[in-house]
2 protein chains.
Amino acid sequence: MSLSAPKTKRVASPRAQPTAGSYRKGEETRRRILTAALQEFGVAGISGATTRKIAQEAAVNLPALTYYFGGKEGLYLACAREIVGEYQAHMLTMLVDVRTGLDRGAGPPAAREALKAVLDALVDLQIAGRQSDIWMSFVLREIAEQGPAFGLLFEQLWAPGVDLIADLIRRVTGDAPASTRPRLQALLLVSSLSAFSHARPISLKYLGWRSLSASNVDEIKAVIRRQIDEIA
Amino acid sequence: MSLSAPKTKRVASPRAQPTAGSYRKGEETRRRILTAALQEFGVAGISGATTRKIAQEAAVNLPALTYYFGGKEGLYLACAREIVGEYQAHMLTMLVDVRTGLDRGAGPPAAREALKAVLDALVDLQIAGRQSDIWMSFVLREIAEQGPAFGLLFEQLWAPGVDLIADLIRRVTGDAPASTRPRLQALLLVSSLSAFSHARPISLKYLGWRSLSASNVDEIKAVIRRQIDEIA
DNA sequence: GAAAAAACCTATCGATCGATAGGAATATCG
DNA sequence: CGATATTCCTATCGATCGATAGGTTTTTTC
């Protein structure tokens, strides 16, 4: 049989993608597992999360995870792909608009405003979104641990976003194209948002906020916008 | 016997502190375990690290961890205390100096310079230090997961540092004492450093740097200093 | 409604985890 | 040296983990 797996280490993926035939009910179950897995992986990481708890919260039994995702790591990777997809769905139109604006040679004031718009959207996505705090937790943990989804998240999510922000900063400051300074500034700017995504518990405790109300989010946006205004 | 533990959940800590009698060799072993544990916990977190690997890297056998630290969680807490101690040893004199300068009513220009000095020291400690990347990894992970050492790290390490930076920013901008803005700015500023501590792997990959050379660290410091100059 | 495909479930395996029992080996001090 | 405290080690326990064997039930198609 040529169907036998190479078996480098695990047998694993009998059905990593739902590409081929699948009933309607199966898709619903698959999504239920994915949602529960995003929650658990986001909270506890890939080593801290247990497949049993994911199965329980998804109201399925243990072998269902293997059936649909080929195992724990396959499920983890599926979560990463899901996050990338949602990120692109929420940000892609804006990113494309800003990028075309850059290509048409928008001036520094326009670049500064675009920068504010991009960071407002990032704040909304990372901080204020319904479940996006879970996503950001997932992404930042994976980025730090360099787990199995590191490459995917870097190429599809991190690098394009930071690149765009760096280009906008470069347009504002007039730095040379090869300069690393705007890219450093972009990295620091994006990372500062981790105060309210990854480090949210300690930031809330420090500020004495119980949760992030709409007015609190506006306050955060205002501080970031002002910081962008001060870029010279 | 009144010595029987309350036993809420674990028996655990027969010797959490080396307070009482201890031979010289025992202290060395204890420190060897602590060093290996800091490395492992910093890399993999409390759930990802295994006591067996820590014991192996410390060249001791498994029960030694229970003997010296009462168990995995006791060892984890000992690591947190060790980090707080090292942090205070490296930063305390500077923090005290800056604080007394503030109390004596230093002007905005002096506050701005003090801010640069504090962040330079933070960069040195978090980014350029010999093993401090491990410490920062430990701290940020614990802060995000709100594990058993959360309270300790918040009160002894995070809150005092951010408070000082917020006070310095307030002195620079002249904000009202009750304003949340300088505290927000301080949180964002400190969190931006996570680009090169917690998120270092992805930042290095993005910049195409293989590691953080001295000149690279200087470049980072320059960008941060310039950002402090732009605070208005 | 029969046949095929897909989905689901019970029971269990082997590995690994943290913790401990119980004592041997070593160091310190009288 | 002898006594005692401290340190270290082998072996193993019970729990939990991820994965799978092997079959039953449900859904879709003809």
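## A loop residue in chain B

B:Gln146 sits in the loop that links helix 6 and helix 7 of chain B. The model is predicted. In it, B:Gln146 has a positive phi of about 50°, although this residue is not a glycine. B:Gln146 counts as partly exposed, because it has 13 C-beta neighbours inside 10 Å.

## Other exposed positions

Chain A also has a non-glycine residue with positive phi. A:Ala59 takes a value of about 60°. A:Ala59 belongs to the loop between helix 2 (51–57) and helix 3 (63–69) of chain A. Is A:Ala59 buried or exposed? A:Ala59 is exposed, because 11 other C-beta atoms lie within 10 Å and the limit for exposed is 12 or fewer.

A:Gly208 is placed in the loop between helix 9 (200–207) and helix 10 (214–229) of chain A. With 8 C-beta neighbours inside 10 Å, A:Gly208 counts as exposed. A:Gly208 and A:Lys116 are 92 residues apart in sequence. Their C-alpha atoms are 27 Å apart in space.

B:Pro109 is part of a helix, namely helix 5 (residues 108–128) of chain B. B:Pro109 is exposed, with 10 other C-beta atoms within 10 Å. The C-alpha atoms of B:Pro109 and B:Arg171 are separated by 9.0 Å, although the two residues are 62 residues apart along the chain.

## Chain A in outline

Chain A has ten helices and zero strands. Read along the sequence, its pattern is α-α-α-α-α-α-α-α-α-α. The C-alpha trace of chain A spans about 65 × 45 × 30 Å along its principal axes.

Chain A has 232 residues, and 39% of them are buried. Consider the contacts in chain A with a separation of 6 or more. Residues 24 or more positions apart account for 70% of these.

## The nonpolar core

In soluble globular proteins, nonpolar side chains tend to be buried together. Here the largest nonpolar core has 125 residues. Which residues have the most contacts inside the core? They are A:Cys79, A:Ile165, B:Cys79 and B:Ile165.

Take B:Ile165 in detail. Leaving out residues up to four places away in sequence, B:Ile165 touches B:Leu115, B:Val118, B:Ala186, B:Leu189 and B:Val190.

## How the two chains are related

Chain B superposes on chain A by a rotation of 180°, with 0.0 Å of shift along the axis and an RMSD of 0.1 Å. That is therefore the relation of a two-fold axis. Both copies use the same surface: 100% of the contact residues of chain B recur in chain A. Which residue of chain B comes closest to the rotation axis? B:Ser192 does, with its C-alpha at 1.9 Å.

## The interface as a whole

In the contact between the chains, 38 residues of chain B meet 38 residues of chain A. Several elements of chain B give two or more residues to this side: helix 1 (24–48), helix 6 (132–145), helix 7 (150–173), helix 8 (181–192), helix 9 (200–207) and helix 10 (214–229). Helix 8 of chain B gives the most, with eight residues. By class, the side of chain B that touches chain A has 21 nonpolar, twelve polar and five charged residues.

## Two helix pairs across the interface

Two packed helices are described by the angle between their axes and the distance between the axes. The axes of helix 1 (residues 24–48) of chain A and helix 1 of chain B come within 8 Å and cross at roughly 100°. These two helices are therefore roughly perpendicular to each other. Chain A supplies A:Ala44, A:Gly45, A:Ser47 and A:Gly48, and chain B supplies B:Ala44, B:Gly45, B:Ser47 and B:Gly48.

Helix 8 (residues 181–192) of chain A pairs with helix 10 of chain B. Their axes come within 10 Å and cross at roughly 70°. These helices, too, are therefore roughly perpendicular. A:Arg181, A:Leu184, A:Gln185 and A:Leu188 of helix 8 of chain A meet B:Glu219, B:Ile220 and B:Val223 of helix 10 of chain B. This contact has four nonpolar, one polar and two charged residues.

Terms used
Residues numbered from 1 in each chain as written. Chains lettered and ligands numbered in written order. Predicted model: local features only at pLDDT ≥ 70, side-chain atom pairs only at ≥ 80, totals over all residues. Contact = placed C-beta atoms within 7 Å. Helix = DSSP H or I, 4+ residues; strand = E, 2+ residues; numbered from the N terminus. Nonpolar A, V, L, I, M, F, W, Y, C, P; charged D, E, K, R; others polar. Axes fitted to C-alpha atoms, helices over the stretch in contact; angles between N-to-C directions. Parallel < 35°, antiparallel > 145°, perpendicular 65-115°, else oblique. Core = buried A, V, L, I, M, F, W, Y, C linked by C-beta atoms within 7 Å. Buried ≥ 20, exposed ≤ 12 C-beta atoms within 10 Å, placed from the backbone. Least-squares fit on C-alpha atoms with pLDDT ≥ 70 in both.
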